[in-house]
Each structure stands twice: as C-alpha cells, then as structure tokens.
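Here are my notes on the model you sent over.

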Amino acid sequence: MPRFLNRDLAAVVAAVLLPLVVAAIIVPFRGALSNTNVALILVVVVVAVATAGNRLAGALAAVSAAVWFDFFFTQPYERFTIVKAADVQTAVLLLVVGLVTSQLAAWARRLKVVTVTDADYLARVHEVAALSQSATSSAAVVTAVQEHLTDLLDLRDCRFEYGTLLGHPPRLEQDGTVTVGRRHWDVERKGLPDQEIELRTFANGRFYGRFMLRPAPGSRPSLQARLVAVTLADHAGHALGVTAERGTR
C-alpha cells in the first residue's frame with residue numbers, strides 16, 4: 001500500500017478512536033471538571049488529529065469528540081441523550097468549533113507543504129539558471145537538468161537526444177500538459193504514461209534536442225512540478241544555444 005494511503009488510514013483510525021480514548025481517561029474526573037473544560041480538551045485532540053492527518057480525519061475527529069462528550073459527560077450519563085440546554089449548547093459548540101479548527105489546522109499544514117515545495121522548485125530553477133550562465137560546456141547543464149528531472153518527475157531514467165525527432169512519443173508540452181498523439185493525457189487521474197515521454201529544448205526558436213523521460217510506475221507529478229521541468233529544459237536549451245554559437249558542444 002502506498003505510504004500516503006497508510007498515513008491517511010492511520011489518521012482516520014486515530015480520528016475515530018482518539019477522542020474516545022481521551023474521553024474515557026478523563027471520565028473519572030468529570031465531577032471535578034466542568035463540561036466546558038472537557039470540551040476544550042476534546043477540541044485540542046481534534047486539532048492534533050487534523051494537524052497530523054487531513055481534513056477528513058479532522059472532521060471525523062470533531063464528530064467523534066461530540067458523540068463521546070454526549071455519551072460520557074452529559075446527563076443521563078452513558079446514553080446518547082442530553083436533557084440540559086446548557087449541555088446541548090456545549091455539545092453543539094464542541095462540534096462546530098472542532099470542525100472549524102480542524103479544517104484550519106489541516107489547511108495550515110497543507111500551506112506549509114506547498115511553501116516548502118515551492119522553495120525547493122525555486123532552488124532547482126536558480127541552480128540550473130546559474131549553471132547555464134557559468135558553465136563552459138552545455139553538457140554540464142544537460143546532465144544537471146537530467147538529474148533534476150529524474151527527481152522532480154519521479155523517473156526511472158532520463159536521457160538526452162541531440163537534434164533528433166524520431167517517432168511520435170508522448171510529449172510534455174510547454175504549458176505542463178502531456179499529450180499522447182493529439183489527445184490530452186490526464187496526468188492527475190492516470191499518472192504519466194508508462195512509456196518514454198519527450199520534453200523538447202529550444203533556444204531562439206531553434207530546436208536543439210529533447211529529454212526522453214521514462215516514468216517510474218505510478219508517477220504522478222503535479223502541474224507545478226511539470227512546469228518547473230519545462231523551465232529547466234528551457235535553461236538547457238539556452239546553454240545549448242550559446243554553445244552552438246561558439247561552435248562547440
């Protein structure tokens with residue numbers, strides 16, 4: 001099972017069980033704790049689950065927390081019935097606050113991942129751009145781009161063909177989309193095609209070659225990653241163009 005599925009499954013299990021476990025632990029102290037304080041403790045549990053998991057896990061944790069708050073901490077105890085208006089209000093607020101805070105926590109976690117990923121993309125582009133300006137040979141730039149493309153797109157292999165256009169393999173286009181023949185390929189749903197994909201390099205409108213990409217099974221790079229790949233290939237094209245003008249490779 002893929003790692004992200006294991007993580008999501010664990011988050012869902014924790015969302016269902018952790019509020020129950022925490023509620024059971026504090027049941028012996030319900031005479032000393034107000035229901036408001038109990039609700040706050042359960043909200044902390046919901047936020048912890050949402051932060052470690054995802055939005056679905058956070059929502060499930062909020063529902064679970066509200067259910068077990070009702071069962072253990074509202075009279076009559078250990079029944080899914082609430083007779084006091086104040087307890088009804090607290091239970092509803094627990095559910096609402098739990099849902100809202102869990103979604104905010106999951107959103108903040110997602111934002112952090114996107115920020116880190118963007119920084120990584122920017123570093124890759126900056127590294128290749130600097131190399132294309134300073135390298136005395138385009139081969140060094142092409143090799144660096146091959147390495148970045150392999151990591152960025154989750155490839156089994158990446159090679160470069162100078163100045164050839166043999167066959168009609170799938171193509172990674174300048175806008176980050178993938179075409180097979182004349183048809184658009186849904187990378188988000190299907191992943192990359194299980195065959196070599198070409199990524200062409202140009203400079204000043206002239207074709208210099210293409211990177212041939214062989215995806216690993218299940219490779220599903222984001223549109224942003226694919227756009228970065230196109231940008232890296234453009235830098236390689238620039239280096240090849242400069243080298244061609246000098247009359248060497």
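1. Keep in mind that this is a predicted model. I'd start with the largest nonpolar core: of its 33 residues, Leu149, Leu172, Leu199, Phe211 and Leu213 touch the most other members. Helices 4 (85–134), 5 (138–152) and 7 (223–246) each give two or more residues to this core, and so do strands 1 (155–162), 3 (178–180), 5 (197–203) and 6 (206–215). Helix 7 is the top contributor, with nine residues. As a general point, nonpolar side chains in soluble globular proteins tend to be buried together.

2. Beyond its neighbours within four places in sequence, Leu172 is in contact with Leu153, Thr177, Val178, Ile197, Glu198, Leu199, Leu213, Arg226, Ala229 and Val230. There is also another core, apart from the one above, with 23 residues, among them Ala11, Val38, Val45 and Val49.

3. On cavities, the count is one of 30 Å³ or more. The largest cavity has a volume of about 50 Å³. Leu172 turns up again in its lining, along with Leu153, Leu155, Val178, Leu192, Ile197, Leu213, Pro221 and Arg226. That lining splits into eight nonpolar residues, no polar ones and one charged.

4. Now the charges: the whole structure has 13 salt bridges. One of them pairs Asp194 with Arg156, with the closest N and O atoms 3.7 Å apart. Asp194 is exposed, at 66% relative accessible area, and Arg156 is partly exposed, at 48%.

5. Glu161 and Arg210 also form a salt bridge, with 2.8 Å between the closest N and O atoms.

6. Glu198 is in strand 5 and Arg171 in strand 2 (residues 171–172), so the bridge ties together parts 27 residues apart in sequence. Glu198 is buried, with a relative accessible area of 2%, whereas Arg171 is partly exposed, at 26%. Shared partners join Arg159, Glu161, Arg171, Glu173, Glu196, Glu198, Arg200, Arg210 and Arg214 into one salt-bridge network.

Notes: Residues are numbered from 1 along each chain as its sequence is written. This is a predicted model: local features need pLDDT of at least 70, side-chain atom pairs count only at pLDDT 80 or more; totals for chains, interfaces and linings use all residues. Side-chain values use heavy atoms; hydrogens and water are left out. On a 1 Å grid over the protein atoms alone, a cavity is a set of points where a 1.4 Å probe fits but cannot get out, and a pocket is an open set with protein on both sides within 12 Å along at least five of seven lines; lining residues have an atom within 4 Å of a point. Grid points are joined across faces, edges and corners, and a volume is the space filled by probe spheres set on the points. Ala, Val, Leu, Ile, Met, Phe, Trp, Tyr, Cys and Pro count as nonpolar, Asp, Glu, Lys and Arg as charged, and the others, Gly among them, as polar. A nonpolar core is a set of buried Ala, Val, Leu, Ile, Met, Phe, Trp, Tyr and Cys residues joined through side-chain atoms within 4.5 Å. Buried means under 20% relative accessible area, exposed over 50%, partly exposed in between (1.4 Å probe, protein chains only). Helices (H or I, at least four residues) and strands (E, at least two) are DSSP runs, numbered from the N terminus. Contact means heavy atoms within 4.5 Å. A salt bridge is a side-chain nitrogen of Lys or Arg within 4 Å of a carboxyl oxygen of Asp or Glu.
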